[in-house]
Amino acid sequence: MDFVFPNEVNVTWTVMIVLYPYITGLVAGAFIVSSLYHVFGVEALRPVARFSLASAFVFLLFATLPLLIHLGQPTRAFNIMVTPNFTSAMAGFGYIYSAYSLLVVLEIWFVMRSEFIARARRGGLVGLCCRAILLGNLFESDATRAADHRIARVLAGVGIPMACLLHGYVGFLFGSIKANPWWSTPLMFVIFIFSAIVSGIAVLIFHYFVVSWINGWKVDQPCVRSLGRYLWGFMIVAVALELLEIMSIAYKQTEEWEVLGQLIEQKLMITYVILQFLVFSLVPFLLLAISALFKLRDKLANAIIWTAATMLLFQVLLMRWNVVVGGQLLSKSMRGFTDYFPGLWEKEGLAVAAVIFTLPFGILWVFNRIVPLFPNAERRSA
Amino acid sequence: MSGQLEKNDFRHTYRLIAVLVLFVVGAAFARWWAVPETFGQFGRYRGAAVASARTETVPRYVGEETCADCHEDQVELHDKDAHARVPCETCHGPGKEHAEAEGEAPIARPEGKGACLVCHQRLAARPGSFPQIEWREHYKFVGVADESVECTRCHDPHEPLYMDRDLRTARLHPMIHRCRDCHQGREDESLERPENHPPIFECSYCHGPIVEDFAGRTHASVRCTSCHIFFREDESTGRIIRDADPRFCLLCHRAADFRSDDAPPGIEWPAHREEMGTFPEDADKRCIDCHRENIHASEVSQ
Amino acid sequence: MSKELSRRELLKVLGAGSGLLLIHCGPVPPLPGTETDYDWEAHFWGYAIDTTKCIGCNACMRACRAENDVSEGVNRTWVERYRIDAHESVRVDIADKGDYVFEPVAGDVARAFFVPKICNHCEKSVCSQVCPVGASYMSKDGVVLVDHQRCIGCGYCVQACPYGTRYIDPRTHMADKCTLCYHRITRGLQPACVASCPTGARMFGDLKDPKSTLSTVLRQGRYRLLRPEMGTHPKCYYLGLDREVV
C-alpha cells in the first residue's frame, strides 16, 4: 500500500481550496441567519440581522480570492463566464456566484438605505461615496422605507435557496467526482449546506462577542441564547450527516471502505477522527446542550456559547480540510497515499490563507465605520 | 409596514433598475465580444485549438525510413537480426536534428552496459521469453573475467544474435520454414511470438543418430542451435555452418584477456595454426578438419 | 461563408441595445492549419497495450518526454511494475527518476509484470465533461486535447480523471496530458511511445477502420479496460492484463 500515480505526488488542490468552501460556507451561513430575521421574523435575531448580512457580504467579497490565487491562469478567470461548458458542474460557478453577489448587494442596499442616506447627508468623502452608492437619490419617506422593507424581504427569501445553492453547489463539485471515493457521495451537497450554516452562525457568535468585548457593549442576551440554540440544532444535523456518510460506507464494508478505512487510519486519524469529531464536534455539542438545556447565569452561558462557537469554527475548517485534502491524499491507484501540508510562506501557503481569512474582518470594520451595524448596542455598565 | 404601497413609492429604485439593466446588458455584451471566433465551431471548445494541437509540436522521432536514407547498410543488417523490430530511435534517441543536419548534428550513441541492460537486465517482471541476463552471471558463464569489457565486444547491437558479422555465410536450414512461408498476407503481429508456435520438429526427428553420437562427445552440453545458427538468406544449402570458419569456433575458444579460467579452452589464433605447422600459411584450414572428433560425426552409418 | 459578418460589423449593426445574443456560431471550415490532407472525421483513434509483451524498458517514457518536451516531475505516460508475492500482497513501483530505468529489487515474487499507462482517451471523457471553460475537449477523431489558450488551470480535470493521467504543468500552470501525439498521428505517424516500443507492446490504430491491426485484435474481445465501472468508456484496451490491475 504505497503506490501513488506519478502525477499525484503533488496535491493539486491546496489549502486555498480548503479556504474557498470555508469562506463560502460562512457567507451562506451568515446570510441564512440574516434571513431568519428578515423572512421568518425571528425577532430575537434582530440585533445581529444587519451584522450578519454585512458579514455575508464581506466574506462574499473574499470567497473567490483563494480561487484566484490557486488558478494557474488567474487572468483567464472570466473564461468561466465567457465560455462556460455546461456539462461541467463548475461552469455554473461564475453565474451562481455573480447572481448571489448581486442579490446580497441589493439586499444590503435596500436594508441599509436609510443609514446610507443619513451618512451621505453628513457629507465628506465618505458621504460622497454613500451618495454614489445611493445613485444620487437621497429621497426618503415612510413609504419608501416600507417599499425597501418589502423588497428586502423578497430578496432575503430568494436568497435562502440561493445561499443553499451556492454552497451546496460547492459540495456538489466534490460529491460529483466519481473518480474519488472519499468525495463521491450525493450526501456531500447536504453536508456542505449544513456545515455552512453551522460555520455562519458560529462566526457571527464569535465575532459578535469579540466586537462587544472590544467596544464595551452589552451583548443582547436573548439574541445570543437564540443563536446558541440554532447553532446547536444545525450542528447536530451537520455532524449527524457527516457521521452518516462515513458510517454507512464503513458498515457496508464495500470495496471502497478497504481504502477509505486505511485513509482514515493512516492519514486522517488526527485531523478527522480525533480533532473533527472527538474534540471539535463532541465538546461543542455538549457545551451547547448544557447552555440550551440548563438555566445558567448569563456570563457562564455566554462563555460556553462563545467557546462552542469558536470550536465549531475550527470544526468546519477541519471538515473542509479533511474533505479537500483528505480526498487528494488517496491515490486513484487505490494503492497508496501521498502527503500534503502547506508551507508557511509559499504562494498557496498558510500566511496567505491567514491574510485572506483576516481581510473580511477588516473590511467589516470599515463597513461598520460607514454604516453602524449595531445601532442599538448598549454600553456595558462598568 | 403599510399595506398599500403605490407605484410612486418605488421611484427611488428606478435608477437602481436602470443600473442593473445596464450592467446585465453590458456583461452580456462583454461576454459575447470575448467569446473566441471559433468557439463552438465543432463542439463546446475553440475550433482553432485543434489546428494548434497539430502544428504546435513538430515530430522529432523520424522513423527507420529516414535513417535508411543514409544508413542503408546498417538498417539492412539490423532488419535481419533479433533487434529487427527495435526501432532505431529507441536506442539512438530522436533523429530529427541529426537527419535535418544531414548527419552534422550528433545522434545519441548509447554506451556502457547500461545501454543494453535497459532492456536486458533480468527483472522478475520481464516476460520469461525475453532474453535477459544478470550481467555478472553472464560474464561468468561465457568466461569473461574482466568486468570492464563491454557487451559490444561480442555483440554488435545491430546484429546481437549472430555476433560476428562475417558469419553470415551461415544458411537457413531447408526444413525450417520461414514464418512467411506459411503465414502469408497476415499482419506482422501474428508472427511475433514464435515461441508460442506448436513445435514443428526436433533435430533428432531427422538426425537421430547424429544427435545420439553428439551426446557422447566433449561438446555434449552445447545445444545444436548454438552452432547451427539458422539464417534466413538462402535455404538452398543443406549445411548450416558452411565452412566452420575458425572465427566461429573462436567465439567461444578465443584466449582473450577478458576470459576467465573456466572458459572453454582458449586458443591463441593465428599462433595456434603456426604452432601446429601442419598446413601451409595460406590455406585457411578449418578447425573441424582436425577437431572433428570433438563435435560429431557428419555421416553416421545406420 | 460569404454571408458571415465580421464581428466588428455585427457590433455596428446590433448597436448597444441587443446584448442578448450570447452565442456566436460561424460556418464550419475544414480542419485548418494543416499541410497534409487529413480528414479527422474518417478516423477514431484507439490504443492497445499488450502487457505480456512489455519489458519495462521505459523507451516509451523517454520518447514521450523527448517528443513532447514534458516537464520535469509530471508524466504523460509511465510504466508500472507489479510484484505480487505468494500471499497476494501487491507492490507497485515506477521508474520516474533519473534515466527511467527499472532496477532489480530483492524479494519473493510469485508473479510480476509491467503495465504501461497512458491517457485512455475515453469516449465519455470525464475530464472534458468537467472542464468549466471548454478548454478540454475530444476531437472528432477521438483524441482528448487541452486548449492552452483557454485553460484556466483550475485542476478540476486532474481531480476528475480516474486514471491519474492529467497534471497541472509546473511550467505553464495549465492542465496538460497525453495528446496521443496529435501532431504525429495527423501526419500519418505513430505516437512516439508506439514508434519507440521495441517489443510491440503498444499498439495504436483506427477504430473506424475494420482492417486496422487494432480493430483486428479487438474483435477477438480478449481485452480489459481500466476502471470500466467509471462509465468513461476508455479507448485504451489492455491485452493480457493481470486481475490485480484495475
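Over how many bridges do strand 2 and strand 4 of chain C pair? In this predicted model, strand 2 of chain C, residues 77-84, joins strand 4 of chain C through eight bridges, and the two run in the antiparallel sense. One of the positions involved is Arg81(C), whose bridge partner in strand 4 of chain C is Phe114(C).

This pair belongs to an open sheet of three strands in chain C, with the order 3-2-4 and antiparallel pairing. Strand 3 (90-94) and strand 4 (111-118) of chain C each have a single partner strand, so they stand at the edges and one side of each has no neighbour in the sheet. From one strand to the next, the twist averages 25 degrees. Helix 2 of chain C, residues 59-68, packs on the sheet and touches strand 2 and strand 4 of chain C. The direction of this helix makes about 160 degrees with that of strand 2 of chain C.

Two packed helices are described by the angle between their axes and the distance between the axes. For helix 2 (residues 46-63) and helix 15 (residues 350-370) of chain A, the axes come within 9 Å and cross at roughly 135 degrees. Because an angle from 65 to 115 would count as roughly perpendicular and one over 145 as roughly antiparallel, helix 2 of chain A is oblique to helix 15 of chain A. The crossing is right-handed. Residues in the contact include Phe59(A) of helix 2 and Leu364(A) of helix 15 of chain A. By class, this contact has 11 nonpolar residues, one polar and no charged.

Finally, the two chains meet: 30 residues of chain A are in contact with 35 residues of chain C. On the chain A side, 14 of the residues are nonpolar, 11 polar and five charged.

Key
Residues are numbered from 1 along each chain as its sequence is written. Chains are lettered from A and ligands numbered from 1 in the order in which they are written. This is a predicted model: local features need pLDDT of at least 70, side-chain atom pairs count only at pLDDT 80 or more; totals for chains, interfaces and linings use all residues. Two residues are in contact if their C-beta atoms, placed from the backbone, lie within 7 Å. Ala, Val, Leu, Ile, Met, Phe, Trp, Tyr, Cys and Pro count as nonpolar, Asp, Glu, Lys and Arg as charged, and the others, Gly among them, as polar. Axes are lines fitted to C-alpha atoms, for helices over the stretch in contact, and angles run from 0 to 180 degrees between N-to-C directions. Helices (H or I, at least four residues) and strands (E, at least two) are DSSP runs, numbered from the N terminus. Angles under 35 degrees count as roughly parallel, over 145 as roughly antiparallel, 65 to 115 as roughly perpendicular and the rest as oblique. A crossing is left-handed if the near helix is turned anticlockwise from the far one by less than a right angle, and right-handed if clockwise. Two strands pair if DSSP finds at least two bridges between them.
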